Amino acid sequence: MRCLYLDLDGTLLGRGASLLHDGEGSVTIDGVRAVQACLRAGVEVVLMSGRRRAQVFEDARLLGQGSFIFEAGACVVLDGEEHWLTGELLPGELTIAEQIERSGAPALLLERYTGRLEYHEPWHVEREVSHLFRGLVDAFEVDRVLVEHGHENLRLVDNGVVSRRSPALAELPHVRGYHLVPAGASKATAVAFHRRVRGYLREQTFAVGDSREDLACAAEVELFWLVANAVARDPTISEAIAAHPNVRVAEAGYGAGVYEAVISTLVGGARSP
């Protein structure tokens, strides 16, 4: 293996987005051990996240890595060089996020799904590309609504369950995070781009994540691992797994699940069925 593509929130990071805590808040260094095992084996670790550039940059820097993927695949930073994967929407006088806002698409969705969708405060600010929401909607239905209103260049990404909500969403059974991004932007596209530029073969790469957006990366790597909490928090994801024969589900969640995936792949010689 030459490269691991690794999600942050809900995967490497536990409660409170901590590297040193699991999902229950107990202290653990399993996530650190997972990264350590990769680095000792000469495996590049590429963080892929819906987070803003500055956040992912700092996390990658702390791991000693020069490449990362931010805002749900909108941009790949490769040794300091930006590669935008956002199609016709490119940063200029206005950021891509500002261009999306001017299109009216965010306002359309907030009005259409009142009581079911809101901005994911306070993390929705200072974003270069995506508009970050939380709530509970059918992302495929939202995509159809976007097309019907002339926003076919945008799509809504389901980034998994989140814990924060406002009183306006109190009646929802659970709350998920969503990114409104250019239609061509995805973590899978970003992984494919990075792999191609680095010259990695598909069978030399693997990935670990916790959401449907992460799961789509299975098509671009030899093995894809879901941490256990992905299925525990979203049982319906099991249906999506069936479409990918190279997906495995770790017995452990969060950092411990990442460590399990790394050791099973690097030491155990795991390969896709």
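The exercises below work through the sheet of this predicted model, the helices packed on it and an aromatic pair.

Residues are numbered from 1 along each chain as its sequence is written. Because the model is predicted, local features need pLDDT of at least 70 and side-chain atom pairs count only at pLDDT 80 or more, while totals for chains, interfaces and linings use all residues, and side-chain values use heavy atoms, with hydrogens and water left out.

**Exercise 1.** Determine the strand order of the sheet and name its edge strands.

*Solution.* Strands are DSSP runs of E of at least two residues, and helices are runs of H or I of at least four, both numbered from the N terminus; two strands pair if DSSP finds at least two bridges between them. Under these rules, eight strands form an open sheet with mixed pairing, in the order β5-β4-β3-β2-β1-β10-β11-β12. The edges are β5 (81-84) and β12 (247-249), each of which pairs on one side only. From one strand to the next, the twist averages 20°.

**Exercise 2.** Describe how β4 pairs with β3 and with β5.

*Solution.* Start with β3, which pairs with β4 in the antiparallel sense over four bridges, S67 having L78 as its bridge partner. The hairpin of these two strands has four residues between them, and E71 in the turn has a positive phi of about 50°. Next, β4 and β5 are likewise antiparallel over four bridges, with C75 partnered by W84; here two residues lie between the strands, and D79 in the turn has a positive phi of about 50°.

**Exercise 3.** State which strands helix α6 touches and how the helix is oriented relative to β4.

*Solution.* With contact taken as heavy atoms within 4.5 Å, α6 (residues 187-198) touches β1, β2, β3, β4, β5 and β10. Axes are lines fitted to C-alpha atoms, for helices over the stretch in contact, and angles run from 0 to 180 degrees between N-to-C directions; on this basis the direction of α6 makes about 30° with that of β4.

**Exercise 4.** Classify the ring pair F70 and W84.

*Solution.* Rings of Phe, Tyr and Trp (its six-membered ring) pair if their centres lie within 6.5 Å, and planes under 30 degrees apart count as stacked, over 60 as edge-to-face and the rest as tilted. The centres of F70 and W84 are 5.9 Å apart and the planes stand at 85°, so the pair is edge-to-face.
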